[in-house]
Amino acid sequence: MAKARKQLNYRILLLMGTVVVVLLGVFLAATQLTSSLTPEEYIAKCDKALKKDPVDWSGAMGNLNSAIRATGDETFPGKLFLRGYQILSDQVKQDRSLSLADRQQRQGAAMRMLDRALERNAKYCPALIKKMEFYYPRFASNPKGYQPRIRDFITNMTTVLNSPEYQHNAKFYFQRGMANWYLRRLAGTGRGKEYAEAAIVDFNQAVIKASGDEATPEDKENEIPYRLELAKRYSDLGEEEKANAEYDKGIKANPTSASLYVGYSSYLRKQKKEAESL
């Protein structure tokens, strides 16, 4: 009797084990089916979520992250990381239901999307440019508070400008020049001269690139502001002959520019006052 009961229990355990294995197989098969979409299919679902009213931000990001995972390790999904950054940034701007803490969390998540791209490819310029676009206006208004970011900005901008695709971009030279100038002001009498020299080099490059044959329409429009900035910084450093020369060159190249005449007039008045005070 005991032997028969033992055999029965064994058969029950065997049956239960078989059922578990079957259920596990069904579960794994179902999981495989739901996770076997291509990156393109996930992106299509992401686009659909973004077109909903109201926008399904969570669904969009969920499908985008699935698309990134579905690309595998051999393919660099750089554009998908950029897309994630843009979606999260748009949510910060557009989703009025978010609290301040939620906005900060989403913005942090957006920056992490760029960091994830750079972890895979440290020289991925589109992600570096997005980071610089985010931080530039912030440290321009608060250099002291963003001093570490300014140094990162200069390092990242150098990587970008070393890329053949961006080496003629006048705006990037100008922005790196401004970053060096902010550090010059913060450094005082220490490394101030070093930063000032680096800034002047970049401002000169910005003017050269903006007036060159390969200048973008945006850079061509900014040639005069770049030259005004260069002249102003020469004057700040006490190099008045160079400052005066920049105004002269600017006016000869752009004889109808009102901003150049206004800037030069202001400069001459300043110089006259300084001469009168001696």
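Before you select anything, one cut-off to keep in mind: buried here means under 20% relative accessible area, exposed means over 50%, and partly exposed is whatever falls in between. Also bear in mind that you are looking at a predicted model.

**The whole chain**

Start with a cartoon view of everything. The protein chain has 13 helices and zero strands, so colouring by helix is a handy way to keep your bearings, given that helices are numbered from the N terminus. Now colour by accessibility: of the 278 residues in the protein chain, 38% are buried.

**Stop 1**

Select Phe 174 and show its side chain. Is Phe 174 buried or exposed? Its relative accessibility is 14%, so Phe 174 counts as buried.

The rings of Phe 174 and Phe 203 make a tilted aromatic pair, with 5.6 Å from centre to centre and 45° between the planes. Phe 174 belongs to helix α8 (residues 170–187) and Phe 203 to helix α9 (residues 192–210), so this pair ties together parts that are 29 residues apart in sequence. Phe 203 comes out at 0% relative accessibility and therefore counts as buried.

Keep Phe 174 on screen and bring in Tyr 226. Here the aromatic pair is stacked: the centres of Phe 174 and Tyr 226 are 4.6 Å apart, and the angle between the planes is 25°. Which helices does this pair connect? Phe 174 is in helix α8 and Tyr 226 in helix α11, so the parts tied together are 52 residues apart in sequence. Phe 174 and Tyr 226 are both buried.

**Stop 2**

For a group of them, select Tyr 136, Phe 139, Phe 153 and Tyr 182, which ring pairs link into a cluster.

While you are in this stretch of sequence, show Arg 138 and Phe 134. The charged end of Arg 138 sits over the ring of Phe 134, 3.7 Å from the ring's centre.

**Stop 3: salt bridges**

Switch to the charged side chains. The structure holds twelve salt bridges, and a few deserve a visit.

Begin with Arg 83 and Asp 47, whose side chains meet in a salt bridge at 2.5 Å, N to O. Arg 83 sits in helix α4 (residues 78–94) and Asp 47 in helix α2 (residues 39–50), so placed that the bridge links distant parts of the chain, 36 residues apart. With 28% relative accessibility, Arg 83 counts as partly exposed. Asp 47 is partly exposed too, at 26% relative accessible area.

Move on to helix α11 and pick Glu 229 and Arg 233. Their salt bridge has its closest N and O atoms 2.6 Å apart. Why are the two about one helical turn from each other? Because Glu 229 and Arg 233 are four residues apart in helix α11. Glu 229 is buried, with a relative accessible area of 14%, and Arg 233 counts as buried at 10% relative accessibility.

Now try Lys 242 with Glu 239: another salt bridge, 3.1 Å from N to O. Lys 242 has 44% relative accessibility and counts as partly exposed, while Glu 239 is partly exposed with a relative accessible area of 29%.

To finish this stop, select Glu 223, Arg 227, Glu 246 and Lys 249 together. These four are linked in a network of salt bridges.

**Stop 4: Ala 245**

Click on Ala 245, in helix α12 (residues 240–253). Ala 245 counts as partly exposed, at 31% relative accessibility.

**Stop 5: the largest pocket**

Last, turn on a surface. The largest pocket has a volume of about 170 Å³. Colour the lining by residue type and you get three nonpolar, three polar and three charged residues.

Terms used
Residues are numbered from 1 along each chain as its sequence is written. This is a predicted model: local features need pLDDT of at least 70, side-chain atom pairs count only at pLDDT 80 or more; totals for chains, interfaces and linings use all residues. Side-chain values use heavy atoms; hydrogens and water are left out. On a 1 Å grid over the protein atoms alone, a cavity is a set of points where a 1.4 Å probe fits but cannot get out, and a pocket is an open set with protein on both sides within 12 Å along at least five of seven lines; lining residues have an atom within 4 Å of a point. Grid points are joined across faces, edges and corners, and a volume is the space filled by probe spheres set on the points. Ala, Val, Leu, Ile, Met, Phe, Trp, Tyr, Cys and Pro count as nonpolar, Asp, Glu, Lys and Arg as charged, and the others, Gly among them, as polar. Rings of Phe, Tyr and Trp (its six-membered ring) pair if their centres lie within 6.5 Å; planes under 30 degrees apart count as stacked, over 60 as edge-to-face and the rest as tilted. Buried means under 20% relative accessible area, exposed over 50%, partly exposed in between (1.4 Å probe, protein chains only). A charge sits over a ring if NZ of Lys or CZ of Arg is within 6 Å of the ring centre and within 35 degrees of the ring normal.
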